[in-house]
Amino acid sequence: VVYTQSEILQREVYLFERLDSPNREPMKHLKAICFLRPTKENVELLVQELRRPKYSVYFIYFSNVISKSDVKALAEADEQEVVAEVQEFYGDYIAVNPHVFSLNLLGCCRGRSWEPAQLARTTQGLTALLLSLKKCPMIRYQLSSEPAKRLAECVKQVITKEYELFDFRRTEVPPLLLILDRSDDAITPLLNQWTYQAMVHELLGINNNRIDLSRVPGISKDLREVVLSAENDEFYANNMYLNFAEIGTNIKNLMEDFQRRKPKEQQKLESIADMKAFVENYPQFKKMSGTVSKHVTVVGELSRLVAERNLLEVSEVEQELACQSDHSSALQSVRRLLQSPRVSELDAARLVMLYALRYERHGSSGLPALLEELRGRGGTDRYRKLVSAVVEYGGKRVRGSDLFSPKDAVAITKQFLKGLKGIENVYTQHQPLLQETLDQLIKGKLKDSQYPYLGPNTLRDRPQDIIVFLIGGATYEEALAVFNLNRSNPGVRIVLGGTTIHNTRR
């Protein structure tokens, strides 16, 4: 995710191997750089490697803290003295965007408590992040969530145990780690998205910056899997947070710019200088041609899916469910879409889930009838079970905060004014709960009673460095909210992390 293969080649690294791949040939003329997570399995594999080394020298980097006993085991295996150095290089997490990280963990809890292995992995990921950013934070957590409290305690234990590693230069205002639970807002991961990055993840799925396009009708071989990374794709970097309407225009401009730069077919290459100019411009041209064909394909596929699955209409009803409180109108809209043959089963289930989360305790709830309708569409109980699972996970009984709080008059008028600015806003009324939580935190108004500090100390000043971590996964809609908060609050830096990055399917 951090480095492209071509960037590594420029550093004169020509061979990539996995430590666990069998039948690697000995190549004594090569030096080996090993970058590994310090797991039991990896240390064991490395011990076997050092007993029969295949390369001349080993430089070993662990992505997290490694125990003394493991280092001793490696030293004992290194009889031929091929290890030149062993270092800890804290990178035990996936850097997704400049302000977003993930641990790529799916399903971290059973019911309301952690799976022990996932808790250990999350603690490691979070402490590695703190070490790589050189932060020793104060910790706050969501009181209504037992997993949040457990994780806070585990992170604190590591900081106490490895106090020498965490001995960074004190800043005037200590950094803050805020640990939250996804179950407080199960609405956000269920909504269709209309900004580029979030939309690609929702409709196509982003996996370590890669997008699988193999199902696209008539796709060419070299576009079956494409990489979208803001690090080395300027168009993506400039457009990832824009909404879909703007991206269409920008793609058109990109194509026109590309057409203008196309080397003339009958370009006369008469002199050496002509040839030199052609060769110099060609890689740029080739790169641009790759970028153009990639984004045209991705955006084309998004448009096709939006039309095929009738997503504009679906999204409008989702937003109505998430942001307004007119029950009878919402129920009618959901019914209407459930009867439409153009609405996919996933989208039908998603609408019923949103309705269930929103109106689970409404006096005249239409949920039983909607569930019957769902069953009639699919002929199975699968989605019906999923609806009740979602309510159990993020329903009113579980939530620590008021997800659908009646907003005050000022907020309502602001919403109304925003609505006048253009049609797209029908599809983007929703603000994730995280936005409000962080807004309160930045203003120093987040209640200690709901988000207590771990330990006796509290922050007297407003926080400046905030790391917010979502157990159960973050979303790209929240990444966008954090991006905007960072932009509109100079002096405040927020990093968002999650056990994974969700879309509806996940």
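Visitor: How many bridges join strand 8 to strand 9?
Guide: Welcome to this predicted model! Strand 8 covers residues 138–141, and strand 9 covers residues 176–181. The two run parallel, and the number of bridges that join them is 4.

Visitor: Which residue in strand 9 is the bridge partner of Y141?
Guide: Y141 belongs to strand 8, where Y141 and I139 point one way while M138 and R140 point the other way. All of these residues are buried. Across in strand 9, the bridge partner of Y141 is I179.

Visitor: Which residue in strand 2 is the bridge partner of K31?
Guide: Strand 1 and strand 2 (residues 57–62) run parallel and are joined by 6 bridges. For K31, the bridge partner in strand 2 is V57.

Visitor: And which residue in strand 3 stands opposite F62?
Guide: Strand 2 and strand 3 also run parallel, with 5 bridges joining them. The residue standing opposite F62 in strand 3 is E88.

Visitor: Which helix sits in the β-α-β unit with strand 2 and strand 3?
Guide: This unit is right-handed. Its helix spans residues 68–77, and its name is helix 3.

Visitor: Is N23 exposed or buried?
Guide: Look in the loop between helix 1 (5–10) and strand 1 to find N23. N23 has a positive phi of about 60° although it is not a glycine. Its relative accessibility is 74%, and exposed means over 50%, so N23 counts as exposed.

Visitor: Where is N208, another residue with a positive phi?
Guide: The phi of N208 is near 50°, a positive value in a residue other than glycine. At 31% relative accessibility, N208 counts as partly exposed. Its place is the loop between strand 10 and strand 11.

Visitor: Which residue in strand 11 stands opposite I206?
Guide: Three strands form an open sheet in the order 10-11-12, with antiparallel pairing. Strand 10 (206–207) and strand 12 (225–227) are its edge strands, and strand 10 pairs with strand 11 (residues 210–212) over 2 bridges. Opposite I206 stands I211.

Visitor: How many residues are in the largest nonpolar core?
Guide: Those with the most contacts inside this core are Y196, V200, L302, L321, L438 and I494. Its largest share, 11 residues, comes from helix 12 (residues 345–359). A second, separate core of 30 residues includes Y93, F101, L177 and F469. The number of residues in the largest core is 98.

Visitor: Which residues is L302 in contact with, leaving aside its neighbours within four places in sequence?
Guide: L302 is among the residues with the most contacts inside the largest core. With those neighbours left aside, its contacts are Y196, M199, V200, L203, L204 and F244.

Visitor: How far apart are R304 and N239 in space, C-alpha to C-alpha?
Guide: R304 lies in helix 9 (residues 272–308) and counts as partly exposed at 30% relative accessibility. R304 and N239 are 65 residues apart in sequence. In space, their C-alpha to C-alpha distance is 19 Å.

Visitor: How far apart are the end C-alpha atoms of helix 10?
Guide: Helix 10 has 13 residues, 311–323, and L321 is one of its buried residues. At 1.5 Å a residue, helix 10 should span 18 Å. The model agrees, because the end C-alpha atoms are apart by 18 Å.

Definitions and conventions
Residues numbered from 1 in each chain as written. Predicted model: local features only at pLDDT ≥ 70, side-chain atom pairs only at ≥ 80, totals over all residues. Heavy atoms only, no water. Pairing = 2+ DSSP bridges. Expected span 1.5 Å × (residues − 1). Buried < 20%, exposed > 50% of the residue type's maximum accessible area, 1.4 Å probe, protein only. Core = buried A, V, L, I, M, F, W, Y, C linked by side-chain atoms within 4.5 Å. Contact = heavy atoms within 4.5 Å. Right-handed = clockwise from strand over helix to strand, strands pointing away.
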